[in-house]
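Visitor: Please take a close look at one part of this structure, the salt bridges and their surroundings, and then relate that part to the rest.

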Amino acid sequence: MTPEPAALRFENVFVAFEGEEVLHSVSFAVPAGETRILFGAAGSGKTVALKTALGLVTPDSGRVYVFGQDISRLPERELFDVRSKIGMLFQESALFDSLTIEENVAYPLLNQKSIRCGPEECRRRVREALRFVELEHTLEKFPSELSGGMRRRVAIARAVVTGPPLLLYDSPTAGLDPITANTIITLIVKQRDLSNTTTLIVTHRYQNGNLLANYRYEPQTGRLLRTNGAGRRTAATRFLGFKDGRLILDATQDELDASTDPYVSKFVKHNG
Amino acid sequence: MLDLLKRPILTVQEFYLLAGQAVRNVIRQPHYGDDISLQMDQIGVGSLPIVVLTGFFSGAVMALQMSRALAQYGQVGKTGEIVAISLVRELGPVLTALLVAGRNSSGIASELGSMKVTEQIDAMRALGTDPIQKLVTPRLVATAVVLPLLTIIADFIGMFGGYMIAVFRLNLTGTQYWSSVWQVLVWDDLAQGLLKPFVFAFVVALVGCFFGLRTTGGTQGVGRATTQAVVAASVLVFVLDFFITQLFVGLNPK
Ligand SMILES: Nc1ncnc2c1ncn2[C@@H]1O[C@H](COP(=O)(O)OP(=O)(O)OP(=O)(O)O)[C@@H](O)[C@H]1O
Ligand SMILES: [Mg+2]
């Protein structure tokens, strides 16, 4: 075991809803600073896995550790401290539609008890987060006035505004055109490389996984640069394959490419 | 047989848990004052027009109907008494609660329901707020304050409706009408007339929140939750009305 605890660790996690098993003995660990790409068919339990990491879903058995702390039996009130270390992009963005964009992004700053910031400081950080996703001009708008891709970016701003060391992205590019999808992956890589955050991301696009595994953010140009395979990034990025609630694969990109499993190779074939 | 009962019993248990948490949060930090005043505005000010209209016409109808019955005994002068008693004890609280249930239990259920199915409730929890503290308690507090006030307004407007009928249709004088109203009402009526809306407020707010928060199944689920909330809240208002009335009749057997 490493002296520094993993950012996130699942140990034999079982989750069932009304008797139906959704996660079956899922175990994996994400050391701090590394990246994990979760893939799997619809309904395979990826979203539930992320929600379990946040303590939104309580496992029926097994343990979940966030930065070394066992959260699987914590009462809701104590979970808030744990959650303030985690940013989450929900699958459908989950912006509060009664609040403006500015209020949405400010929400975690104002409501997380471990974060203290005055009104001026809050405004500055909200603006900074929105500038990060290039949506500063939408402060006063409501989520319903934005396009799906813009909403996704606002939701990313809300997830990163507190600067959490662990970030979970649930299908950040689903339903978006390739250009917008690349913009969003660039943002995610940027956030990862500038703040050295641990990143879990659910995605079906092999292309996204490839970008995350083999590219890094280049602050000078604002673009992604290929690390040429041998980079540290590549080794620190692994792919987690879900099938019917089970984790069937925990592999590097090379191992993934070499996989002969018909289920796994369906996701790799998108490479084109 | 046991299986058949399990679901409803679990549901009732969940409802009590929600109610318990919502009430406990009233004295717990953090308080969301802005949300309370927003809800008071939506539930209270928003319901005022329909409460006024309904109150007026139910008072007027009561006066019309009762005066015909009273005329048989030559007691048309007692119209004010009957109108006042039935409004303060029954019609005011029950009609107002039903109107607010129709308007706000459904509104609350659909609002919280859409938040639930779009993961906004999860997002709240993820971002450091307890949805019961932030959503349920403010709605409960706002309704508990506003519903008794609305009921008082409905009572007065109803009596005013009765007064219009008494003066313009029954040829009573205003003094005759108001003095019979005034004389007949006792503390017991007022206690009953204010306890009822207070209790109904819990039903209206909590039933709406309860069905909203347990919504599943997308937009369709929101529709279902809304309907269930209105039906359950309305039925519960009548059931509780019976028990509270029973309690007061039991306390003052005449
Ligand atoms: N709150 C819930 N109540 C009951 N069942 C649920 C709940 N959340 C998820 N499920 C079930 O758990 C299973 C896994 O769902 P999950 O949302 O994790 O899938 P997913 O892998 O994220 O799929 P997708 O790629 O479509 O988002 C599904 O069968 C779903 O019906
Ligand atoms: Mg999902």
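Guide: What follows starts with the salt bridges and then moves to the sheet, the loops and the surface. The model is a predicted one.

Over all chains, the count comes to 21 salt bridges. One of them joins A:Lys51 to B:Asp122, with 2.9 Å between the closest N and O atoms. This pair crosses between chains, running from helix α1 of chain A, which holds A:Lys51, to helix α4 of chain B, which holds B:Asp122. Both ends are covered: A:Lys51 is buried, and B:Asp122 is buried too. In general terms, side chains of opposite charge can pair when their charged atoms come close.

The helix on the chain A side deserves a word of its own. α1(A) spans residues 46-53 and is mostly covered, with eight of its eight residues buried. Its buried residues include A:Lys46, A:Val48, A:Leu50 and A:Ala53, as well as A:Lys51 itself. Just after α1(A) comes A:Gly55, which takes a positive phi of about 80 degrees.

On the chain B side, B:Asp122 has a further partner. The side chains of B:Asp122 and B:Arg125 meet in a salt bridge at 3.8 Å, N to O. The two are separated by about one helical turn, because they stand three residues apart in helix α4 of chain B. B:Asp122 and B:Arg125 are both buried. Salt bridges with shared partners join these residues into one network, made up of A:Lys51, A:Glu76, A:Arg83, B:Glu119, B:Asp122 and B:Arg125.

B:Glu119 sits in the loop between α3 (79-117) and α4 (120-126) of chain B. Its relative accessible area is 10%, so B:Glu119 counts as buried, the limit for that class being under 20%.

Another salt bridge lies within chain B. Here the side chains of B:Arg139 and B:Glu111 meet at 3.0 Å, N to O. The pair links distant parts of the chain, with B:Arg139 in helix α5 (residues 131-168) and B:Glu111 in helix α3, 28 residues apart. As for cover, B:Arg139 has a relative accessible area of 3% and is therefore buried. B:Glu111 has a relative accessible area of 32%, so this residue is partly exposed.

Next, the sheet of chain A. Four strands form an open sheet in the order β2-β1-β4-β5, and the pairing is antiparallel. The edge strands are β2 and β5 (69-70), each of which pairs on one side only. As a general point, strands of a sheet pair through backbone hydrogen bonds, either parallel or antiparallel.

Strand β1(A) has two pairings to describe. With strand β2 (residues 20-30) of chain A, β1(A) pairs in the antiparallel sense over seven bridges. Within this pairing, A:Val15 has A:Leu23 in β2(A) as its bridge partner. β1(A) and β2(A) form a hairpin with two residues between them, and A:Glu18 in the turn has a positive phi of about 45 degrees. With strand β4 (residues 61-66) of chain A, β1(A) is again antiparallel, over five bridges. There A:Phe10 has A:Val64 in β4(A) as its bridge partner.

β1(A), which covers residues 8-17, also contains A:Asn12. A:Asn12 is not a glycine, yet its phi is positive, at about 45 degrees. With a relative accessible area of 43%, A:Asn12 is partly exposed.

Chain B has a loop between α1 (2-25) and α2 (33-71), and B:Arg28 is placed in this loop. B:Pro30 lies in the loop between α1 and α2 as well. The peptide bond from B:Gln29 to B:Pro30 is cis, with omega near -10 degrees. B:Arg28 counts as partly exposed because its relative accessibility is 32%.

B:Arg28 also belongs to a surface feature drawn from both chains. A:Arg77, A:Lys113, B:Arg24 and B:Arg28 gather on the surface in a patch of positive charge.

Conventions
Residues numbered from 1 in each chain as written. Chains lettered and ligands numbered in written order. Predicted model: local features only at pLDDT ≥ 70, side-chain atom pairs only at ≥ 80, totals over all residues. Heavy atoms only, no water. Patch = residues over 30% accessible without salt bridge, like charges linked within 9 Å, V, L, I, M, F, W, Y side chains within 5 Å. Areas by Shrake-Rupley, 256 points an atom, 1.4 Å probe, with all protein chains shown as cover. Salt bridge = Lys/Arg side-chain N within 4 Å of Asp/Glu carboxyl O. Lys, Arg positive; Asp, Glu negative; His and termini not counted. Charge placed at Lys NZ, Arg CZ, Asp CG, Glu CD. Buried < 20%, exposed > 50% of the residue type's maximum accessible area, 1.4 Å probe, protein only. Pairing = 2+ DSSP bridges.
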